[in-house]
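Here is a short briefing to read alongside the model on your screen. Have a look at the structure first, and then we can walk through a few of its features together.

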Amino acid sequence: GSKIRKYHSLIPFFLSQGMSEVVILGSANSNHVLGITQLLIENRIKPVLYLRGDPSQKVEGNFSFTKLLVDDNSIRWVSREDWPHVMEIASNEQTAFIVPEGGFHEQALPGALTLAHDILRNEKERNISFDHIFIDAGTGFMALSLLYEFARIEHKAKINILLLADDKQQFLQKVKDFQKYFPDISPENFCLYRPKTARSFGSTNARIFQEINLLAKYEGLFTDPIYSGKLFLEAKWILEHQALEGNVLLIHSGGALALSGF
C-alpha cells in the first residue's frame, strides 16, 4: 500500500536522528495514523497523536485499533474548526518532530518514489508498457511523487488521478509546490477526476459497497469505501465511457482494514 512506502524512508529517518517521540496528525479513523503508530511503537518511538474531533468520537473501525496502541494521555483532540491550524497548535505545544496529515513530508519522498520504479519493474518482468495508470489521492503525496518521477524518466503513461479530498485547484497548486523537489521538471501527462458518487471526502453509499462486494467476489481483492473502492468504480466508468486503449494499471493503495468501521 501507499502508506508503507512512505514509512520505508520516514522510519529510518526517525531512527537515524535518534528520535524517542514523534507527533502524528490525522483523523481518528485515519489509515495513516494507525499504520505509522504501529511502526513507531515497534521501533521503540513514542507516538503522540493529534486527532481531528473530540473525545466523544465513537470507538469503531481504525480508531478501535489505534486505541489498543496508545493511552488517552497520548492523544490530543483538536476541533474541526481549529484543524486548519493544527500544525501551528502542535508546534506550539510539542518539541518533537511532527508528521503532517497523511505523511506528507519530504522525508517520505524516497519511499514514495519506489512506486514508479516498481511499476517499471513490473513492465520489464511482463514485457509490457502501461498506457494509462489510475491512482487515488487524499493528500496527493503518492500521486505527486508518481507524476514527477514519471516526468523525470520520461515515461509516456497518462496518470489518471481521482481526487478524494482536494479540489482540482488545490491539487494543481500542490503540483506547483512539489516542484521544489524536482526544480527542472514540470509534469504534463495527467488528468484529474472527482468521484461521480459519494463526492465528499469520507462519504459512502450503497453503490460503493456494491463495487467492493463485486471486487471481492470476482477478483479476490478487498478495497475500502474511502479510497480504493471509489478508485476502482470511477476507473471502470472512465474506461467504459472514454474508450481508452492500451494497457491499464489500477493502483491499489491499501487501507482495506478500514472496512471494519463499516
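E154 is found in the loop between α7 (141-153) and β6; helices (H or I, at least four residues) and strands (E, at least two) are DSSP runs, numbered from the N terminus. This is a predicted model, in which local features need pLDDT of at least 70, side-chain atom pairs count only at pLDDT 80 or more, and totals for chains, interfaces and linings use all residues. Residues are numbered from 1 along each chain as its sequence is written, and side-chain values use heavy atoms, with hydrogens and water left out.

- E154 is not a glycine, yet its phi is positive, near 60°.
- E154 is exposed at a relative accessible area of 60% (buried means under 20% relative accessible area, exposed over 50%, partly exposed in between, with a 1.4 Å probe and protein chains only).
- A198, in the loop between β7 and α9 (206-219), also has a positive phi, near 50°.
- A198 counts as buried, at 13% relative accessibility.

**The sheet**
- An open sheet of 4 strands has the order β7-β6-β5-β8, with parallel pairing (two strands pair if DSSP finds at least two bridges between them).
- β7 (190-193) and β8 (248-250) are the edge strands, each pairing on one side only.
- β5 (residues 132-137) pairs with β8 over 3 bridges, and I133 has L249 in β8 as its bridge partner.

**Helices on the sheet**
- α10 (residues 228-242) packs on the sheet and touches β5, β6, β7 and β8 (contact means heavy atoms within 4.5 Å).
- α8 (residues 168-177) lies across β6 (158-163) and β7.

Key
Axes fitted to C-alpha atoms, helices over the stretch in contact; angles between N-to-C directions.
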